[in-house]
Amino acid sequence: MNAIIVSTLLGVIMMFCSWGIKSQQVQKNIALIGLFILIIANLAHMYGWYVVDYDTKGMLTYSFFGLYANTLLFALTFIYVWINGDEIAKIGNTSADFYSLFFFILCGISVLTSFDNLLMLFIGIEILSIPLYILTGADKKNMFSNEAALKYFLMGSFSTGILLLGITLIYGATGSFHLTAPVVSISTGFAQEQILLSAGLIFLFAAMNFKVSAAPFHFWTPDVYDGAPTVFTSFMATIAKAAGFIAFINVFNSQYKALGYSWTLLLTFVIIATLLVGNIIAVFQRSVKRMLAYSSIAQAGFMLFALYGKSEISNEAILLYAVVYSIATIGIFAVLVKMKENSFEAFHGLGKAQPLLAFATTVFLFSLAGIPLTGGFFAKYYMLSALLKAGAGLWLVIVAVVFAAISIYYYFKVIQAMYFTAGEPAINPLPNQYKYQLLALAILLLILGVFPNLLLNYLYF
Amino acid sequence: MMLVSFLFLPVLAAIILLLIKNNKTAQWTAIIFSGLTLLVALQILNTPMVDFNIAWLPNLNSRFILHADGLSKILILLTAISFPAILLATANNEYKNRNVFLSLLLFTEAGLMGVFLAADGLLFYFFWELALIPIYFLCSIWGGEKRIAITFKFFIYTFLGSLFMLAGILFLNAQTSDHSFLINSFIHANLTSGEQVTAFALFFIAFAIKMPIFPLHTWQPDAYEQSPTAVTMVMSAVMVKMGLYGILRWLMPLFPAAFMAHTHVVVLLSVIGILYASFIAIRQDDIKRLIAYSSIAHIGLMNAALFTHTQIAIQGALIQLFSHGINVLGLWMVADIIEQQTGTRSMQQLGGLAKKQPTLAILLVGFALANIALPLTNSFVGEFLMFTGLFQFNPWMAACAGVSVVLAAIYTLNMVQKVAYGAISEKINTMQAPNKGAQAVLIILLIIVLATGVYPQPLFSLTADTLQELFVK
């Protein structure tokens, strides 16, 4: 409850900030302080201290996992703002507006990590999505940004409609919005209710797939990610997406798992399609930004493995994956933002011109590719291990590793451009501080690559 | 603690090297640290080692365990000899950013040592990759003209292989009773015969690509040719042994039934590979490519010996792990000296080395004879044992593989004849005596070749415990 209340308040405060405070730097600092307060408030909740203690009648339930996910996502937002603050200031008139939207998104995230009711799921998703539509179109003078925003908005509304339809059908079958409400078992229920429930769940599933950009509902992703201002793409592809996954897991690891075999079959199809589309199309991209858009689809395919079933480490797996993937993606987008163009050629000779930056970029790419010694390896490792423990066949793991090997191809293209091709990198001048920020991020990934427990031990308290 | 120093010393040196800009200081730092590693390696040869064992990832039940038995020791010795030797012999070669080059090389050494020491599945995988990644950068930055595409092929090939192994490790971990990665738990995992074959295949692909075995060898000759010679030496003298080591340490004890079921297929593949590589070697004009193909043939023979699962052949292979490393190191070094000084690797443009540089020619002949396993050289002992085992396993296979000895003599002696004898060619005429360091290294290596050829007993006793482990249990 703390996080929801505090993030809303902070969002409102940020909204009015731009009236009194003109300095973008001060606005950024206020946002950082706000995020810090938000993290503290959420931690306070974890250890039993509430701003208000209100009985939500089962609309929201707080688990340690959800709260911890909150903390991590807030911390990631903190890192994101800390690094990208100056870049955000370059878009639009005042960055306080955007910070305000971030806080509303975080409010949506806090709902999504704790809902126990399909209505709250719907509300959470809407609170999360609407600011994202605005952020996509934030670069008002840029036609691509506008186009992307419109496309995202239309597609997003459509999928929300499907989500609502699904929820309605489920309500029709079970008579309740609660996730914990008894589900009509496929084998014993009345025929009509079975059909309602199955249809409802399929709609729900499709809508959630849309939100996390899984194939075959991914078509909006490349255009939107490509069109949106790069800083905001970074936010969308990481924190917002991770929240979507946690919500997704929350729904489908509940009672609805009773669907059993047919559900797993559907999921397997979606996972393989997502991995296939993401990885194969990414190979052929000429723009790094678009390549990263497809790679984010491919990574979503990996994260979907967490849905495969509940095992003792599936929670760890999704948290680690979300965090590590987000750190690496925030990092690589932070580099991309400074490039004059998005092509691979822009990276030529970066290794020589900016050794520190190139090193950090290499670590980010290694992590995305899942190479040992970076956090990405353990993220993938936990995911696959959870998959096996949830009872999936070895063949699915083999499929996953084959796609992981394909992903090497397009991630390493950037490394080749940086180190092995001579040239003048098309990069804007960088303040030293920025390089050290990125280096710190890279070192964080390396530490997680040897001691992932630093992140995961908290789950055992 | 001594075992940790095999990882600690090279890593420490690699980090220090990044800070040293002066070429000469960097070179000597690298040599001194790898020399220290060699001293430690000599130290552990005759002492039974205590395992180094600490918790690493408690949630996953993975431990940081280093264990050294005879098999580990002989490969550690080879690694520890190779690095200072390579660094000394190539000290005069030109590299831009030498300190980074050396630093990456020493990271590779740490990775290799880790592979040969790890007794925990996940740790093993970790080091397996750690050894590969610096090589990727070394070849791509400092390699020949076509380096980028070729190194990339090599990297994706091996990375895919090791990912399969990772899947295998994950699978085994799920099957063990205590859900750990310890090699002993893996050995006692409860597998049905079908599961054993699957896991066997996953591991075997990784090892087969690394060695490489026909038909997965296509990355190798190109990669050897395009890499800077110091890296080629590391790859062909030490890195390919990772695959053979993997078979001895992991494949054979973990999946005994699946192993026995596939002996014929694998031996057949190896024999095809041996003949295929030998025939191609005959047609080569480039010295580097010739050595590369000859190396494929030799590794294929060792792999075939392992899969005969006869005690005598495996004994031979264990010794040959070491001997082949030393021989091929010597051959590469001579080839490198010739290339550095004449600027060509084509045998047609060389000739008359014996008249111009007799010492170098003698060394070349020495290593060439070792390469064809002449009696009194080290590989004679190993190859003789391997062929004996292969004959017990299947005389036909032994006969086919035996042809390769003749072929080896053809291509190796042909090379010696073209390079060392005949009229002094234009290129050779400009040659100076190699530097003292390189000469000293080559002489020491040749002494090792002859010494272990005449008196191989120390190598036998070093590996006795491994052999017992594999056959008595």
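Reader: What share of the 461 residues of chain A counts as buried?

Author: This is a predicted model. In chain A, 56% of the 461 residues count as buried. The test for each is 20 or more other C-beta atoms within 10 Å of its own.

Reader: What share of the contacts in chain A with a separation of 6 or more comes from residues 24 or more positions apart?

Author: Such residues account for 81% of those contacts.

Reader: How many residues of chain A are in contact with chain B?

Author: 21 residues of chain A are in contact with 22 residues of chain B. A contact needs C-beta atoms within 7 Å. α16(A) gives the most to this side of chain A, with 12 residues. By class, this side has 17 nonpolar, 3 polar and 1 charged residues.

Reader: Why do β1 and β2 of chain B count as paired?

Author: Pairing needs at least two bridges. 5 bridges join β1 (residues 52-57) to β2 (residues 62-66) in chain B. The strands therefore pair, and they run antiparallel. Asn53(B) has Ile65(B) in β2(B) as its bridge partner.

Reader: Which residue of the hairpin of β1(B) and β2(B) takes a positive phi?

Author: Asn61(B) does, near 70°, in a hairpin with 4 residues between the strands.

Notes. Residues are numbered from 1 along each chain as its sequence is written. Chains are lettered from A and ligands numbered from 1 in the order in which they are written. This is a predicted model: local features need pLDDT of at least 70, side-chain atom pairs count only at pLDDT 80 or more; totals for chains, interfaces and linings use all residues. A residue is buried if 20 or more other C-beta atoms lie within 10 Å of its own, exposed if 12 or fewer, and partly exposed in between; C-beta atoms are placed from the backbone. Two residues are in contact if their C-beta atoms, placed from the backbone, lie within 7 Å. Helices (H or I, at least four residues) and strands (E, at least two) are DSSP runs, numbered from the N terminus. Ala, Val, Leu, Ile, Met, Phe, Trp, Tyr, Cys and Pro count as nonpolar, Asp, Glu, Lys and Arg as charged, and the others, Gly among them, as polar.
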